Amino acid sequence: MSAAVSPAPRRGWSFRRPSVIPGFGLTLGFTLTYFSLVILIPLLALAIRSAGLGPEGFWKAATDPRVLGSLRVSFVTALIAAGVNVVFGTLIAWVLVRYRFPGRRIFDAIIDLPFALPTAVAGIALTAIYAPNGTIGALFAPLGWRIAYTPSGIVIAMIFIGLPFVVRTIQPILEEVSHEVEEASATLGASRFQTITRIILPSLTPAILTGFALAFARGVGEYGSIIFIAGNIPFVSEIAPLLIYIRLQEFNYVGATVIATVMLLLSFALLFIINLIQAWSRRRYGYGN
Amino acid sequence: MATKLRARRHRRVSPTSESRPVQWLLIGIALAFMAVILLLPLYAVFHEALIKGIGAFFAALGEKDAQAAIRLTLLVAAIAVPLNVVFGLAASWAIAKFEFKGKAFLITLIDLPFSVSPVISGLVYVLLFGAGSFLGPWLKSYGIEVLFALPGIVLATIFVTFPFVARELIPLMQDQGTGDEEAALSLGANGWQTFWRVTLPNIKWGLLYGVLLCNARAMGEFGAVAVVSGKIRGQTTTMPLQVEMLYNEYNAAAAFALASLLALLALVTLVLKTALEWRFGDEIAAAAKH
């Protein structure tokens with residue numbers, strides 16, 4: 001009976017499910033055209049240029065000592081910064097979600113400052129603070145620890161721009177963690193410390209890993225906030241994005257393309273890992289973002 | 001009242017929370033970290049901007065190149081943001097209102113620019129339009145300059161701000177479903193009427209939220225624009241680039257004066273964004289995530 005009224009089921013493959021709403025062709029067509037023109041074709045230009053080098057030429061350019069040095073600086077500093085952000089970002093997310101104190105909502109809003117503040121502004125401000133005569137730089141200068149114009153400065157800038165990624169990834173998950181499991185844990189005789197380390201932290205692990213990966217990826221690609229504070233000495237404090245910029249200034253497009261391709265491949269690998277973590281988290285804990 | 005008091009006293013000894021001193025210790029560490037990492041730089045911008053007095057501050061802003069940089073930044077945002085809004089509306093309509101193959105992949109693709117370093121976002125346009133490319137010399141023969149000119153700056157800005165509006169609208173429109181639109185259509189509205197009178201009012205706060213974030217990034221973008229601009233003083237320097245040039249010329253006070261305008265923009269963005277989240281939290285999808 002119902003089969004008589006409903007339209008005959010379409011057999012085989014169909015691109016889209018029928019709908020009464022108009023505009024599918026127009027909106028999807030515009031979306032794909034605009035995406036292709038602005039994002040896809042430019043990225044393909046990069047891929048074609050580096051493919052044109054051939055594997056040997058590519059390998060030679062990618063293993064140039066200065067290129068490897070800059071990649072090492074970028075990745076090591078981004079790893080350290082993401083590590084610091086995971087520790088403090090988790091603590092901040094915990095404090096903002098679980099405790100009530102005056103000014104909590106203001107501090108919650110301030111977390112997004114690095115998203116809103118232009119990176120060049122952050123860069124010169126951080127340099128002013130951590131230079132040997134700056135507010136914080138002056139505290140460490142007598143100890144012989146220079147922060148600005150060294151890799152430590154790069155880490156500071158990456159902590160600044162990466163912090164919201166960690167906090168904003170953990171916060172919604174922490175809000176979802178059910179109080180009941182904590183109560184159950186407490187009634188079964190666990191101390192508060194045991195409840196936190198054995199119940200709460202494990203369920204936060206996917207979010208913490210995702211936040212770490214996001215902050216790390218952002219740190220590796222970051223340019224504006226770092227170049228002012230870094231000192232930019234090759235092999236010591238020269239980051240990979242800066243080396244791309246320098247190669248471009250020298251009209252060495254091949255050199256720039258190779259570094260960019262290596263960085264893109266690495267960040268796509270990271271993106272893939274993030275997606276894996278989230279898929280695993282959805283299976284294991286029933287949520288993820 | 002009495003129950004509330006009792007509840008509060010009860011919470012203090014709750015086995016599912018920490019003791020008060022531990023709480024205050026953790027709050028203290030978290031706020032101290034935020035103060036040093038986030039608030040101190042913000043304070044430093046305004047402090048350094050006014051270090052030579054208010055007169056020097058306004059003199060730096062009134063300078064010819066600074067004015068040109070401000071105008072260019074506003075112009076670039078005025079072109080890039082509306083284009084990304086149109087894209088965001090089209091993409092979210094196609095993705096949220098229809099079921100089709102490859103949708104999840106398309107959503108992933110839209111986020112792609114966020115995982116590309118800003119310098120690379122600029123580089124791809126240099127490869128596409130620069131010397132040795134096919135397009136650059138061809139356009140040049142028609143008198144169109146892309147690199148080291150306005151079109152290049154706009155393109156690089158569009159690239160880095162591409163996902164903002166779409167990724168805010170897609171989850172929001174997916175949550176809202178297609179019921180309202182189907183009702184409007186069955187009552188005789190045509191497609192455009194449905195969009196303007198039904199869909200747009202439903203998503204206006206989310207759209208504004210996306211525009212806010214998109215605009216902040218568009219006006220503040222540095223790395224991508226630095227690569228394509230050529231930094232011709234007074235012509236292709238946006239505000240962030242002008243800040244860099246002044247700073248590298250050891251004119252720190254003027255650099256910070258211009259930077260303080262950008263910091264002000266960031267603060268206004270944060271305040272509006274927070275106000276939207278508080279007031280219209282349920283009409284904004286990705287309030288806590290971007």
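Start with A:Asp64 and A:Arg66: at the start of helix 4 of chain A, a side-chain oxygen of A:Asp64 comes within 3.1 Å of the backbone nitrogen of A:Arg66. This is a predicted model, with local features needing pLDDT of at least 70, side-chain atom pairs pLDDT 80 or more, and totals for chains, interfaces and linings using all residues. Residues are numbered from 1 along each chain as written, chains are lettered from A in the order written, and side-chain values use heavy atoms, without hydrogens or water.

Now select residues 65-98 of chain A, which is helix 4, with 34 residues (helices are DSSP runs of H or I, at least four residues, numbered from the N terminus). From first C-alpha to last, helix 4 reaches 49 Å, close to the 50 Å expected (1.5 Å times one less than its number of residues).

Next, show both chains. The contact (heavy atoms within 4.5 Å) takes 89 residues from chain B and 90 from chain A. Color B:Thr16, B:Phe33 and B:Leu127: they supply 8% of the area that chain B buries against chain A, more than any other three residues (buried area is the accessible area, 1.4 Å probe, lost on being put together, summed over both parts). Between the two chains, about 8,300 Å² is buried, and carbon and sulfur atoms give 80% of that.

Technical notes. Helix = DSSP H or I, 4+ residues; strand = E, 2+ residues; numbered from the N terminus. Polar contact = N/O pair within 3.5 Å; in protein donor to acceptor, adjacent residues only side chain to side chain.
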